Amino acid sequence: MYGEPISQIIRERLKKSHASFLANDNISDFITKEELGELQKEVAQKVSSLMDSLIIDVENDHNTMDTANRVAKFYITELFSGRYTPPPSTTVFPNVKKLESFYIVGPISFNSSCAHHLVPIVGEVWIGLDPKDDLLGLSKFHRITEWVMARPQIQEEATVQVLEYIEELIKPKGIAVLINASHYCMQGRGVKDPEILMKSFAASGTLNNEKSKTDFLQLIRLNG
């Protein structure tokens, strides 16, 4: 059906539109559902080649005979699905009571993957909002976080991506995002420190000042 690898067809489509396709970009506007299935097949072939290069006898090893297909499905439909699927549907409510004090949602648990080594990042996200005209449905914070984190990421950029996406949706007076995560690239390789954690923080608007940051972190400590 396709005269060249589907990944190349999609890549050329992105280039023609001058669209970014970095590891933590969402490119769902440039892929059809049918093409996503073909891409999964192509990835399975590439994973199979990787295993050949690692000198694993997949033809006779009952444990790895179908590993390439499992890995490809996992990458496309789960671990990196935030690259290939549209944004989650969101429910926005009017701030009828004109809530003026900021509120916090969290902890929101997530699983992601380090863009440098493709190994796990596991952690929690806290989101603080000083609302304006609109409020976001509570479950949507989780869905948005999951969608953003389901890509090869670095934590610093993911923190900003979560903030900017929610900010664009409801345009609050202020927003703050804290991510606390463990990185296998630090725990299982390199320095191999099993206790090390990384905290990242981003804020804008009325929450982008020292007092608001202190209040935000204090409330997390009280409820964490």
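The lining of the second largest pocket divides into eight nonpolar, five polar and three charged residues. Here Ala, Val, Leu, Ile, Met, Phe, Trp, Tyr, Cys and Pro count as nonpolar, Asp, Glu, Lys and Arg as charged, and the others, Gly among them, as polar. The model is predicted, so local features need pLDDT of at least 70 and side-chain atom pairs count only at pLDDT 80 or more, while totals for chains, interfaces and linings use all residues. Residues are numbered from 1 along each chain as its sequence is written, and side-chain values use heavy atoms, with hydrogens and water left out.

The second largest pocket has a volume of about 280 Å³. On a 1 Å grid over the protein atoms alone, a pocket is an open set of points where a 1.4 Å probe fits, with protein on both sides within 12 Å along at least five of seven lines; lining residues have an atom within 4 Å of a point. Grid points are joined across faces, edges and corners, and the volume is the space filled by probe spheres set on them. Of its 16 lining residues, Glu78, Ser81, Glu146, Trp147 and Ala150 are the closest to the centre. α5 gives the most to this lining, with five residues; helices (H or I, at least four residues) and strands (E, at least two) are DSSP runs, numbered from the N terminus.

The largest pocket has a volume of about 560 Å³ and is lined by 21 residues, with Arg11, Leu39, Val43, Arg83 and Tyr84 nearest its centre. Two or more lining residues come from each of α1 (6–16), α2 (33–53), α3 (67–79) and α4 (81–84). The largest contribution is that of α2, with six residues.

Finally, the cysteines. A search of the whole structure finds zero disulfides (pairs of cysteine sulfur atoms within 2.5 Å). Cys114 is in no disulfide, and its nearest cysteine sulfur, that of Cys185, is 4.0 Å away. Cys114 is buried, at 4% relative accessible area, and Cys185 also counts as buried, at 11%. Buried means under 20% relative accessible area, exposed over 50%, and partly exposed in between (1.4 Å probe, protein chains only).
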